[in-house]
Structures are given as C-alpha cells and as structure tokens.
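Dear colleague,

Please find below the sequence and structure that I am handing over to you.

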Amino acid sequence: MSNILKFNIDNIMAYDKFEVLTSTAYPLPIENVDTDQIIPARFLKATERKDFDINFFRDWRFDSEGNPIADFPLNDPKYAGSKILVGGRNFGSGSSREHAAWSVYDFGLRCVISSAFADIFKNNCLNVGVLPVQVSAEFADKLFKAIEADPKTEIKVDLPNQTVTLVSTGESETFDINGYKKGNMLNGFDDIDYLQNIKEEIVEFTETRPF
Amino acid sequence: MATTLFDKVWDSHVVRKIEDGPDVFYIDRHFIHEVTSPVAFVGLKQRGIGVMYPERTFATADHNTPTWNQHLPVADPLSANQLEALANNAAKYGISHWGLGHRNNGIVHIVGPENGITLPGSTIVCGDSHTSTHGAFGAIAFGIGTSEVEMVLSSQCIMQPKPKKMRINVNGKLGFGVTPKDVALYIISKQTTSGATGYFVEYAGNVFEEMTMEGRMTVCNLSIEMGARGGMIAPDEKTFEYIQGRKHTPKGADWDKAMEYWKTLKTDEGAEFDVEFNYDAADIEPMITYGTNPGMGMGVTKSIPKAEEVEGGVETYKKSLGYMKFNEGEDMIGKPVDYVFLGSCTNGRIEDFRAFCSIIEGRKKAENITAWLVPGSHKVVDQIKEEGLDKIIEDAGFVLREPGCSACLAMNDDKIPAGKLAVSTSNRNFEGRQGPGSRTLLASPLVAAATAVEGVVTDPRTLLV
Ligand code: SF4
C-alpha cells in the first residue's frame, strides 16, 4: 500500500507529500495521448479547482449518452483504485491546460509512467503533486505486458531512490528528476513558496529591465 | 564566444540559477485569458498574496466568447461566469483588461503583437500553449500551466529548466500556392508531434527571412505541435517596422535604446545547436492532415500512408484513422467536407483573410459547406472592412463573424457536430477538439477557401491563376 501522507489543510494549493508509492496501475498503451483527451475543452469552464476527476478522459470513458465504455481501462474494475497510470509514448501533448494534471490528481492518481512526456504536461504534473516517471521504451513495454498478464501487478515508485520497480520480478529502472523538484515533491512544497522568499532579488532584477 | 539568439534572450532573463534545479526565469510580459487564470487568482487569495507587477500582465477574453451577437449578454452561464471572473480579477489587481466588445479585444496571441506588447528580446508567457506565436518577433514565448500563471502574477518569475536548442533551416523557393501554414505543417510532418520535445527552436533560412511578420507568427505558433517549447525568428527590419508606433511599443529615446539592443539579437556565426535540420522549400506542397495529431500531415495531392509506412505504433495509427473514418491509401482530394473554419491565432490575421478572399472572389460557397469565418481581433475586422474584403465575403455567400477563438477549441457554440468533417485553418486536429466526435483536417487558408467553394477537399493551385 502507499505510504502517502495526509493532505495538508493549512495550505489548500499544496499537495500530499510523495515518497514511496506501491500500487497496481491502469494501462493505457496509446501513443500521443493529448490533453484534449485527458480533459476536453468543454469542461474547462470552472473558476475553482475541484472535481476534475468527473470528466477525466471524458470522451474515452463515456459514450455520447454518458454510459461508461466498459472495456476502457479506466472503467475496468480490474484496475480500480490504482494510483499509477502507465501511458504510451508522448503522453500529455497539446494544450497547456493544467486542468489535465488536476484531473489526473483528482482521479486519485499520484504517478504517471511513460517512455516520453510532453514538456508542459510534465511541468504541470510536478506543480500539482503528480510524479511523472520517464522510463525506457523497453521497460514501459515490460510494464504493459506484466499488467496485461496480471492486472494485480504492483509497481513500486521510490522517489528518494529514484527507482521504479516491477514488484513481481524485481526488475527495476532508475528515473530522472532534478534535485529541486524532488525536494518539493518529498516535502509537498511548491514553487510559489520559493519565489515568495526571493522577492527582493526579483525587484532588483526588474529595475534592470529595459522595457 | 559565439552564442545563439535563444541563449542571448534566455540568459539575460535568469534571476537566479538553482543548483540541480530550474532557473528562476524572469517574465517581461504576461497574457491572461478567462479559462486558465481564475484558479490562479483563487490561489493568490488563499495565500494572501497580491500581484507584484500588474502593469506587466494583460488580460483579454477570447477562449469562451460567442462569435455572434457579442453585444448581448453571454448566454452560457458558465462562460459568463469565467468572463466575469476575469473582469473582476483584472479590476481588483489593476490589470488592463480587454473584455468582450472592447476595441482591443481579440485572441490573445493576435492582440499582443497588434498592440506592441510583444517585443524582440522579451520573455512572454500565457496559459495557452500557442503563446509560441510571439517568437516571430525574436521573443522567448511559451505556454504555461495555471500554477505558473500564479507564479508570474505573484513574483513575475517562473521556474524553468533551460530547454535544449534546435535550429530548423528552410532554404530555397516556395512553390506556387504554398503558404507559411504549409511550411509549418510540412516541418511538423517530418518532426512528428513529439520530435522537438525538450527543445526550443530557431527558424532560419531565406524562407523565413522573406516571410511577412504574419507568416512568421503562423510558423512560430505551430512550434508547439511538434512538441517544442517554442520557436523564434531573429528580428530584422520587417520586425522593427511592424512594431514601431504601436500602442505599447517604446517611443522616442526609449525606442532608440531598444533598437540598439534589438540589433544584437541574432545567432552568431559558428554558434552551436544541440540539433539542426535542413529542409528544401521546393519539397513543400500545400498541406493537409489526415489523422488526429498535427504530425499526421501530407501534401494535399498525396494519399494516406499505409500503417507499415509510418513510424510509431500500428495500433495507435489504426485508432486514429478509425476515428477519422479514413482508410489507408485513400486520396484526400475530392473528399466531401461539411464545415470550413477560417480563424484562430494560427490563421486569423488579415493576410489569412486576404488569401481566403483571393480564391472565393467571384465564386460561390458550395451548398454543402457550413463556413465560419472568424477574424482574430477587432483590428482584423476593421482591416477587412477597409480593404473591402467584407464585400467579397458577402458576395460569395459567406458571413463574417465576430472575433474569438471559436471553433479552434469549441468552448463556445461554434462546435463541429459529431461525425462531420471540417477543413480548419486552426492548429489541432485532436479527437473532439472542434466538438465531440468532430473530424478535423488542418490546412492553409487557401486550401480552406478552395474546399469551401468546391465542397470537397481541393488543391488551391487548381483555382489560383
Ligand atoms: S485560437 Fe485556439 S490555440 Fe489560439 S489562443 Fe485560442 S484556443 Fe488557443
């Protein structure tokens, strides 16, 4: 089970700390999944951040009448409750909408694994407490195969050690994350806290700007 | 040391380098709109912090706005709520706001340059991925998420790792009927939708040098569609001529000083890029997409590739063609089309309307086509009228709508119905992008116009004489 700590209610924009997460995973072996699929534009009309899970992958999860599409992995009871999503190559391309990362988080996911991420989506994930884990194409393939063979397959994502492990076989890979972002994720901090602390330096810099 | 244009602009905006972390990156200009900013303002309120430099942020309403009867109250309560939130937040924090009906209102990436807010050598961000448009002026401009919008509002900075550098050179002579949109779609088809992930692109070569500012904006706009963080083009006489005298452009002595700096903004001889690509202008045809990402494009006269000819997963490819209801090996020319959309921050400027009109002039809209012609801003509308293009549009049986993002992302009423096929001058052909179940073919204003009068996908060169 995951050892994610509880939500910090003092600061509503912050997120749960992330240390080691062991969970089953939803497989989504489709390439170039864009953020318009993760959350279609017509659901971006909120002025508050809440309940974005409802329309997470809306048009892939539900048909035009609003009935769940049974064989779509996110609806499949075999994987229910997973905290990890394993996606195909170039996950999160397209629109910069952070709503996509919010919907991932609100759906109960704390980690997305893929062999390649689009830049903005990756950044957005890191800013909202979802860990993007980039693995080799071979390892991603292994994960998909393992999940297909056994939907109860567990994956262990260890942020302090930067490793991702297929629990059943012990096969493991390391992943990259810069030290600063890693610290933020481990502590549930965000960039705004950091920037607020260096305001004087920013004021000085602003004075040097030509326009 | 020889440095690139990108390095010059980036390095001069680093407030602080964090070891094993991102740069604290200074933002000169920030655009906000109604969709991606409200939650950032909620964040400010919850943290009890304010807007540090309100004069560096500019608000415009565009994503959600109707393109018809803009003088009436916005009917959709959720859209109206977002527009009101934008207006209230702007008023509360002293941010300039161009709401619906304002003379300067329009799509954020069109009104920025029009008003001289976009300047060479500046850094520009907005909660919209096509912020890359402003790179046409030699600015570093890119899209950000809402957390970052909150960062810019509260500290005028974001935390960014420096991207790698790519240069794309296109040299030679462009063929007849080949527009900047085609150049961009061609490059993306070569790079694929993720080929430039992790990179910032500089476009170089005589093709971009000879391009108008409007064409350069179209090209830089589409940089994000190959995964790049953004794209830029070195400023030159054309750039300076475009910005001089606009509302927010430096004036007098400030202009002279700025010019001195701007003239240094080019990649030095011998400066190195992480990767470089060369394309020949003569290889580029009028383009069209056939799949569900902008990398799935080809010359309009070509046939849809077979699964085994494309890179990447066969399953993904088949899913894409299945959604489009197309078969491998089919021709695009002659396919019946239902909708034509001219507009968006990619092709909603005056030149795009001129190009469209050059084909529809003296012809009639095809019966089977529903056409939405949506200018990018009120200034574009004014120009259309000044040049008499509105007459051409009307005589050909088309209607000119009011400015906004419209069917580019279909958040307002301009939705392509499920199953219908649209030729669109916008930037994304993702599943459902233009409305649930809609099917999109991306193309230039010329291809869109030719299709609009013929009713089927048409090579514009057959109508241009
Ligand atoms: S026209 Fe489309 S891409 Fe451009 S700003 Fe509007 S929604 Fe974004």
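**Helix packing in chain A**

In chain A, helix 3 (residues 99–106) and helix 4 (residues 119–128) have axes that come within 8 Å and cross at roughly 50 degrees. That angle makes helix 3 of chain A oblique to helix 4 of chain A. The crossing of these two chain A helices is right-handed. Please bear in mind throughout that this is a predicted model.

Two helix pairs in chain B may be of interest to you.

The axes of helix 6 (residues 180–191) of chain B and helix 8 (residues 213–221) of chain B come within 8 Å and cross at roughly 25 degrees. Angles under 35 degrees count as roughly parallel, and helix 6 and helix 8 of chain B are therefore roughly parallel to each other. Helix 6 of chain B passes helix 8 of chain B in a right-handed crossing.

For the other pair, helix 2 (residues 38–47) of chain B packs against helix 3 (residues 77–93) of chain B at an angle of about 45 degrees, and their axes are 10 Å apart. Helix 2 of chain B is thus oblique to helix 3 of chain B. Here the crossing of helix 2 of chain B past helix 3 of chain B is left-handed.

**The ligand site**

As for the space that the ligand takes up, it is the largest cavity.

With kind regards

Definitions and conventions. Residues are numbered from 1 along each chain as its sequence is written. Chains are lettered from A and ligands numbered from 1 in the order in which they are written. This is a predicted model: local features need pLDDT of at least 70, side-chain atom pairs count only at pLDDT 80 or more; totals for chains, interfaces and linings use all residues. Side-chain values use heavy atoms; hydrogens and water are left out. On a 1 Å grid over the protein atoms alone, a cavity is a set of points where a 1.4 Å probe fits but cannot get out, and a pocket is an open set with protein on both sides within 12 Å along at least five of seven lines; lining residues have an atom within 4 Å of a point. A molecule sits in a cavity or pocket if more than half of its atoms lie within 2 Å of its grid points. Axes are lines fitted to C-alpha atoms, for helices over the stretch in contact, and angles run from 0 to 180 degrees between N-to-C directions. Helices (H or I, at least four residues) and strands (E, at least two) are DSSP runs, numbered from the N terminus. Angles under 35 degrees count as roughly parallel, over 145 as roughly antiparallel, 65 to 115 as roughly perpendicular and the rest as oblique. A crossing is left-handed if the near helix is turned anticlockwise from the far one by less than a right angle, and right-handed if clockwise.
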